[in-house]
Amino acid sequence: MGSVIYEWQRVANDLERRIRAGEIPPGGRLENERELADTYSVSAGTVRRAVRELRERGLVETLPAKGSYVADPLPPAEA
């Protein structure tokens, strides 16, 4: 039986793909929670968990009351 992929993982993985592809450049701001929730058809809580995962991967930094921004420089991709 395959491993379960949670919605927050799907969102985090897609955002990482977009970041690494340059769609959201280093220093670029992520959409806000509501916009991301609408884009991915998920809850704001799911988006919060996905962004937390991206922070743990070193891909984004979140500034209180300002939003989440792509790390500059980006960490190397994991193999």
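Predicted model: local features only at pLDDT ≥ 70, side-chain atom pairs only at ≥ 80, totals over all residues.

Student: Which residues of α2 are buried, and why do they line one face of the helix?

Tutor: Buried here means under 20% relative accessible area. By that criterion, α2 buries Leu36, Ala37 and Tyr40. Viewed down the axis of α2, these buried residues fall within an arc of 100°, so they line one face of the helix. An α-helix has 3.6 residues a turn, so residues three or four places apart point the same way. The arc asked about is thus 100°.

Student: Which exposed residues does the face of α2 turned away from its buried side carry?

Tutor: The buried side of α2 is covered by elements that include α1 and α3. On the face turned away from that side, the exposed residues are Arg34 and Asp38.

Student: Which residue caps the N-terminal end of α2?

Tutor: The backbone nitrogen of Arg34 lies 3.1 Å from a side-chain oxygen of the capping residue. That residue is Asn32.

Student: What span does α3 reach from its first C-alpha to its last?

Tutor: Helix α3 comprises 13 residues, 44-56. At 1.5 Å a residue, 18 Å is expected, and the helix comes close to this. Its span is 18 Å.

Student: Against which elements do the buried residues of α3 pack?

Tutor: The buried residues of α3 are Thr46, Val47, Ala50, Val51, Glu53 and Leu54. They cover an arc of only 155° around the axis, which puts them on the same side of α3. The elements against which they pack are α1, α2, β1 and β2.

Key:
Residues numbered from 1 in each chain as written. Heavy atoms only, no water. Helix = DSSP H or I, 4+ residues; strand = E, 2+ residues; numbered from the N terminus. Expected span 1.5 Å × (residues − 1). Buried < 20%, exposed > 50% of the residue type's maximum accessible area, 1.4 Å probe, protein only. Arc of directions from axis to C-beta. Contact = heavy atoms within 4.5 Å. Polar contact = N/O pair within 3.5 Å; in protein donor to acceptor, adjacent residues only side chain to side chain.
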